[in-house]
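I opened this notebook to record, for my own learning, what I looked up in one structure. Each entry takes up one place or one pairing.

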Amino acid sequence: MLSGKQKRYLRSMAHGLQPIFQVGKGGTNEQIIRHISEALERRELIKISILNNNLDDPKEIAEELAAGAEAELVQLIGRTIILYKESREYKEIELP
């Protein structure tokens, strides 16, 4: 579990990031969750955007992706999700 201070720190780091995944009308599946897990292992912090043609609830999508990738949901703002997972091999982010 991340503290409020750690979430603020991660949000500030994620501000300049571009979304590297998009969830479209097909929704989430095992394949996108596996790709997100691999990206989190390399980057630790990623942004995901939910396209307008996806009619599912963004909060449900964010929780499903975070649970599937075993990551922490840092922020859900509008249709943009920020996820964090500490990397085993490529650790770069030092949390306060």
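**Entry on the model.** I noted that this is a predicted model, in which local features need pLDDT of at least 70 and side-chain atom pairs count only at pLDDT 80 or more, while totals for chains, interfaces and linings use all residues. I number residues from 1 along each chain as its sequence is written, and the side-chain values use heavy atoms, with hydrogens and water left out.

**Entry on the record.** I found that UniProt, in an unreviewed entry, lists residues 1-96 as "domain: CRM", and I kept in mind that such annotations may be inferred rather than shown by experiment. Over residues 1-96 I read 38% helix and 21% strand, with the end C-alpha atoms 13 Å apart; helices (H or I, at least four residues) and strands (E, at least two) are DSSP runs, numbered from the N terminus.

**Entry on glutamine 6.** I located glutamine 6 in helix H1, which covers residues 4-14. Glutamine 6 counts as buried because its relative accessibility is 16%, where buried means under 20% relative accessible area and exposed over 50%, with partly exposed in between (1.4 Å probe, protein chains only). Leaving aside neighbours within four places in sequence, I found glutamine 6 in contact (heavy atoms within 4.5 Å) with Met1, Leu95 and Pro96. Its side chain also reaches the backbone oxygen of proline 96 at 3.5 Å.

**Entry on lysine 25.** Is lysine 25 buried or exposed? I read a relative accessible area of 68%, so lysine 25 is exposed. Lysine 25 sits in the loop between strand E1 (21-23) and helix H2 (30-43), and, apart from neighbours within four places in sequence, is in contact with Asn53 and Asn54.

**Entry on serine 87.** I placed serine 87 in the segment after strand E4 (80-84), and serine 87 counts as buried because its relative accessibility is 4%. The side chain of serine 87 reaches the backbone oxygen of glutamate 41 at 2.6 Å, and a polar atom of that side chain lies 2.9 Å from the backbone nitrogen of tyrosine 90. Not counting residues up to four places away in sequence, serine 87 touches Leu40, Glu41 and Glu44.

**Entry on two helices.** I saw that H2 and helix H3 (residues 58-68) pack at an angle of about 60°, with their axes 9 Å apart. The contact is made by Ile32, Ile33, Ile36 and Ser37 of H2 together with Glu64, Leu65 and Gly68 of H3.

Notes. A polar contact is a pair of N or O atoms within 3.5 Å; within protein, one must be able to donate a hydrogen and the other to accept it, and residues adjacent in sequence count only if both atoms are side-chain atoms. Axes are lines fitted to C-alpha atoms, for helices over the stretch in contact, and angles run from 0 to 180 degrees between N-to-C directions.
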